[in-house]
Amino acid sequence: MLIGLARASILDGITGLEAQECELLAAGVERVFWEYTSSVSARPQLDAAIEFAREGDTLIVTDLSTLAQSVTDFVKIQRRLAGKSVHLRVLNLGLDTRHCTSQVIMDTIVTISQFERQIISERWREGIAKAKREGKFKGRTPTAPAKADEVKRLAASGLPKCKIAQEVGISKRTVFRILSDKAA
């Protein structure tokens, strides 16, 4: 059986899912699992697709980024599929793990993709560091000081700290920090 997995992030939107579904159906997929989530979040539909697959089935994705965001993640997914004797096909690359050459190429592409993401991340951190040195990057505005008066008022009224956190919309840890600053 051919099983499809379509995933779109918030940025891709529903249009990204629909385009993937069209490609998957054109490839003959009989069952499509949809995910509208970041690839680093929980992946319940990926898990469901792998659980649904039986020996000899093929999981089809339109792009490797639909399946995994890191080499480690890809290797884990690949091991799960191999453990069930399920093949993987990536449409935009024309790769299918039923062929050993495709497996080697796929592993190489994933490694290069991971390297590229690491370079982008490194450049991003360098850019922020430079902006901070130049006084152009301030970071996000702390919310705790703006809510300190409200936290102190609610604490004085006898409201428990966990209820204060819920009502004000900050963490319990921040509530404790504000109140300990008050004591000091």
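These legends walk through several close-up views of one predicted model.

In this predicted model, local features need pLDDT of at least 70 and side-chain atom pairs count only at pLDDT 80 or more, while totals for chains, interfaces and linings use all residues. Residues are numbered from 1 along each chain as its sequence is written, and side-chain values use heavy atoms, with hydrogens and water left out.

**View 1**
Helices (H or I, at least four residues) and strands (E, at least two) are DSSP runs, numbered from the N terminus. Two strands pair if DSSP finds at least two bridges between them.

**View 1. Strand E1 beside strand E2.**
E1 and E2 run parallel and are joined by 6 bridges. Contact means heavy atoms within 4.5 Å. Axes are lines fitted to C-alpha atoms, for helices over the stretch in contact, and angles run from 0 to 180 degrees between N-to-C directions.

**View 2. Strand E1 from both sides.**
In a regular strand the side chains alternate between the two faces of the sheet. Look along E1 (residues 2–8) and you will find Leu2, Gly4, Ala6 and Ala8 pointing one way, with Ile3, Leu5 and Arg7 pointing the other. Because 7 of the 7 residues of E1 are buried, this strand is largely enclosed by the rest of the structure. Buried means under 20% relative accessible area, exposed over 50%, and partly exposed in between (1.4 Å probe, protein chains only).

**View 3. Strand E3 and its two neighbours.**
E3 (residues 58–61) is covered on both faces, with Thr58 and Ile60 buried on one side and Leu59 and Val61 buried on the other. Towards E1 the pairing is parallel, over 3 bridges, and Leu2 has Thr58 as its bridge partner. With E4 (residues 87–90), E3 also pairs in the parallel sense, over 4 bridges; here Val61 stands opposite Val90.

**View 4. Helices H4 and H5 side by side.**
Two packed helices are described by the angle between their axes and the distance between the axes. H4 and H5 (residues 100–133) pack at about 150°, with their axes 9 Å apart. That angle makes H4 roughly antiparallel to H5. Angles under 35 degrees count as roughly parallel, over 145 as roughly antiparallel, 65 to 115 as roughly perpendicular and the rest as oblique. From H4, Val71, Phe74 and Gln78 meet a group in H5 that includes Met106, Val110 and Gln114.

Ala82 belongs to H4 and, at 52% relative accessibility, counts as exposed. Between Ala82 and Thr97 there are 9.5 Å in space, C-alpha to C-alpha, although they are 15 residues apart in sequence. Ser85 lies in the loop between H4 (71–83) and E4. This residue has a positive phi of about 55° although it is not a glycine, and with a relative accessible area of 35% Ser85 is partly exposed. Ser102, in helix H5, is buried at 9% relative accessibility. Leaving aside its neighbours within four places in sequence, Ser102 is in contact with Leu95 and Asp96.

**View 5. Helix H6 and its kink.**
H6 (residues 144–156) has 13 residues and reaches 17 Å from its first C-alpha to its last, close to the 18 Å expected at 1.5 Å a residue. The expected span is 1.5 Å times one less than the number of residues in the helix. A kink of about 30° is centred on Glu150; the bend at a residue is the angle between axes fitted to the seven residues ending there and the seven starting there. Buried residues in H6 include Ala144, Ala148, Val151 and Leu154. After the helix comes Gly158, with a positive phi near 95°.
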